[in-house]
Amino acid sequence: MGSAPESPGPVPKLRLDELLEELQARLDAARGTRDRVHSLLEAVLAVGRDLELSQALRHIVEAAVALVDAEYGALGVIGEDQRLSRFIPVGVTDEQIRAIGPLPSGHGILGELIRHPEPLRLTRIADHPASYGFPPGHPPMRGFLGVPIRIRDRVFGNLYLTEKRGGGDFDAEDEAVLATLAVAAGVTIDNARLYARARRRQRWLEASAEVSSSLLSGSGEQAVLDLLLARAAEITGADLAVVAVPLPDARESDARELEVRIAVGLGEHEHRGLVLPVEGSFMGAAARTGGLVVSPDVRKDPRITSGPPRWEGLGPAIAVPVGTDELGVRGVLMLARAAGAPLFEEDESGPLLGFAGQVAVALELAERRRDSEQVALLKERDRIARDLHDLAIQRLFATGMTLQGSLRFIEHPEATDRVLRAIDDLDDTAKTIRASIFGLRLRDVGPAAAGLRARLTDVVERATRALGFTPGLRMTGLLDITVPDEVADAAVAVLEEALSNVARHAKADAVEASVAADSELTLTVTDNGIGLPRGGHRGGLANLTDRAIALGGTFTARTRPEGGTELVWRVPLPSA
């Protein structure tokens with residue numbers, strides 16, 4: 001009978017502790033990997049829900065910082081010039097951003113990732129040959145991890161992470177997690193851009209329908225153009241929308257200057273009425289080429305070669321000619337964003353060509369409507385003139401003849417005197433009506449051939465575009481009969497200059513002009529603007545003084561106590 005086998009000896013306690021520790025470490029690593037995978041999936045799902053681009057970009061950076069346990073993170077969007085057009089930091093306070101100064105544009109390590117779009121992991125940023133160091137006020141940063149974000153085959157931007165929490169280094173697993181997030185970020189950004197494009201297209205269609213409805217309802221030219229510009233600025237996120245047209249005395253084929261007729265948005269009062277040369281200006285480049293022009297910074301655009309600096313406070317800008325193949329170029333539309341704002345993207349500029357054509361149609365329709373209204377007005381003047389001639393004057397003449405025939409029956413001297421004065425009054429009234437008939441039947445065959453009333457009315461109509469509202473005009477006296485041509489020409493020029501000064505300098509929203517002819521011609525223009533500048537009159541008012549003195553008259557300008565400016569121009573008229 002054999003003996004029982006001997007049992008193995010006990011495992012040394014030290015070896016057992018090592019095995020347990022190794023098992024615990026493997027369990028912790030597996031749990032950490034599981035948690036990290038879950039965190040990555042949650043981050044992918046979270047950023048995938050964003051459809052608004054700016055919000056999606058910030059959520060991507062925040063998710064990246066949390067996943068790799070970084071202190072700081074940022075997402076840089078690469079522009080057409082291979083520089084950073086947008087930079088979205090996370091982990092840096094507003095005070096630190098102000099202390100650092102302008103956000104980076106793509107130099108140093110950030111530029112290295114733009115030039116070579118591959119994952120980059122560094123233990124010490126300062127050891128890399130492309131490192132430029134940090135500007136004053138920048139928080140210290142040692143470790144670095146960067147990966148590109150691709151949309152299909154194009155690099156959209158880069159994710160930058162620095163300073164691993166706890167003082168460690170970014171490892172290969174961090175890089176793999178961040179690269180995975182970058183793939184999901186590319187899909188999210190692409191979806192957000194597609195959504196933004198579809199939403200923008202829908203808004204353009206809605207704006208077009210609104211503008212068409214306004215045109216068909218008979219709204220005025222100014223109201224339609226204001227609506228067009230407001231919608232364009234709103235849809236594109238522009239801070240300023242401008243329409244400039246060739247000056248009235250320039251033919252389309254050889255126009256040398258453009259005048260800003262309408263400006264809506266940032267600094268609109270300063271830009272309204274601005275005169276720009278076609279050669280040497282940003283908007284002039286669009287008029288010359290007949291195509292779309294884009295600038296990353298309109299203040300420093302190389303196409304601006306003449307005149308003083310313009311467009312202060314603005315940055316990215318885009319300009320398109322206003323017109324169609326049938327109507328030709330009628331002007332230029334410019335949209336601009338504030339300095340430091342994102343550039344206009346290609347999918348934003350496409351609809352502008354069609355929109356500019358719609359502006360041209362609005363201008364053409366308004367012009368045709370004015371022509372139609374002018375024809376109707378002339379016909380109505382003819383009818384009124386006929387009625388005055390055939391009815392009023394004949395009755396006045398008959399009444400005068402009756403009174404003259406009744407004089408022989410009047411014996412009282414005072415009664416006779418009163419009847420004679422009544423007959424004289426009837427003669428004066430008949431002369432006034434004849435002058436009115438003459439003015440009604442005048443036709444515009446050139447500035448010098450039209451009556452003064454018609455010419456002054458035309459000046460007010462033209463000024464409406466620059467002012468943005470319709471000035472009031474009141475005329476009294478026999479302007480078309482008693483005012484000599486030389487005085488009439490001067491009065492037209494004075495009113496033009498006065499209204500132009502209001503449009504350029506006064507910042508007013510109401511203007512009243514009155515013209516009266518008696519023993520002298522008096523032209524008064526008042527506005528509710530900012531008044532005359534301190535220390536003297538505006539330089540342009542010297543012309544009005546010179547014109548008055550040349551005709552033996554006077555000119556005064558003052559700031560009204562209730563606000564605004566009052567201009568009074570007086571010239572004596574020859575006695576009848």
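**Cores and contacts**

Analyst: In this predicted model, the largest nonpolar core has 41 residues, and those touching the most other members are Val483, Leu495, Leu521, Val525 and Trp569.

User: Which element supplies the largest share of this core?

Analyst: Several elements each supply at least two residues of the core, including helix 11, strand 13 (511–517), strand 14 (520–527) and helix 14 (541–550). Strand 15 (554–559) and strand 16 (565–572) are also among them. The largest share, 12 residues, comes from helix 13.

User: How many residues are in the other core that lies apart from it?

Analyst: Members of that other core include Ala63, Ala70, Val147 and Ala182. In soluble globular proteins, nonpolar side chains tend to be buried together. The size of this other core is 29 residues.

User: Leaving aside neighbours within four places in sequence, which residues is Val483 in contact with?

Analyst: Val483 is one of the core residues that touch the most other members. With its neighbours within four places left out, the contacts of Val483 are Leu452, Leu478, Ala488, Ala517, Leu521 and Leu573.

User: Is Arg455 buried or exposed?

Analyst: Arg455 lies in helix 11, residues 452–467. Its side chain makes a polar contact of 2.8 Å with the side chain of Asp489. The relative accessibility of Arg455 is 13%, and the cut-off for burial is under 20%, so Arg455 counts as buried.

User: Which residues do salt bridges that share partners join into one network?

Analyst: The structure holds 24 salt bridges. Those that share partners join four residues into one network: Arg203, Glu210, Arg231 and Glu234.

User: In the salt bridge of Arg272 and Glu268, which residue is partly exposed?

Analyst: The two side chains meet at 3.6 Å, N to O. Arg272 has a relative accessible area of 14%, which puts Arg272 in the buried class. The other value is 24%, and the partly exposed residue is Glu268.

User: What is the relative accessible area of Asp127?

Analyst: Asp127 forms a salt bridge with Arg124 at 3.3 Å, N to O. Arg124 is partly exposed at 43%. Asp127 is classed as exposed, the cut-off being over 50%; its relative accessible area is 56%.

**Surface and whole chain**

User: How much accessible area do Leu292, Val294 and Leu353 have together?

Analyst: These three residues form a nonpolar patch on the surface. Leu292 sits in the loop between helix 8 (282–289) and strand 9 (293–295). Leu292 is partly exposed at 32% relative accessible area, and the patch must be made of residues over 30%. Together the three residues have about 230 Å².

User: Among contacts between residues at least 6 apart in sequence, what percentage join residues at least 24 apart?

Analyst: The protein chain contains 14 helices and 16 strands. Of its 576 residues, 41% are buried. Among contacts between residues at least 6 apart, the percentage joining residues at least 24 apart is 60%.

Notes. Residues are numbered from 1 along each chain as its sequence is written. This is a predicted model: local features need pLDDT of at least 70, side-chain atom pairs count only at pLDDT 80 or more; totals for chains, interfaces and linings use all residues. Side-chain values use heavy atoms; hydrogens and water are left out. Buried means under 20% relative accessible area, exposed over 50%, partly exposed in between (1.4 Å probe, protein chains only). Patches are made of residues with over 30% relative accessible area and no salt bridge: like charges are joined within 9 Å, nonpolar side chains (Val, Leu, Ile, Met, Phe, Trp, Tyr) within 5 Å. Accessible areas come from the Shrake-Rupley method with a 1.4 Å probe; for residues, only the protein chains shown count as cover. Helices (H or I, at least four residues) and strands (E, at least two) are DSSP runs, numbered from the N terminus. A polar contact is a pair of N or O atoms within 3.5 Å; within protein, one must be able to donate a hydrogen and the other to accept it, and residues adjacent in sequence count only if both atoms are side-chain atoms. A nonpolar core is a set of buried Ala, Val, Leu, Ile, Met, Phe, Trp, Tyr and Cys residues joined through side-chain atoms within 4.5 Å. Contact means heavy atoms within 4.5 Å.
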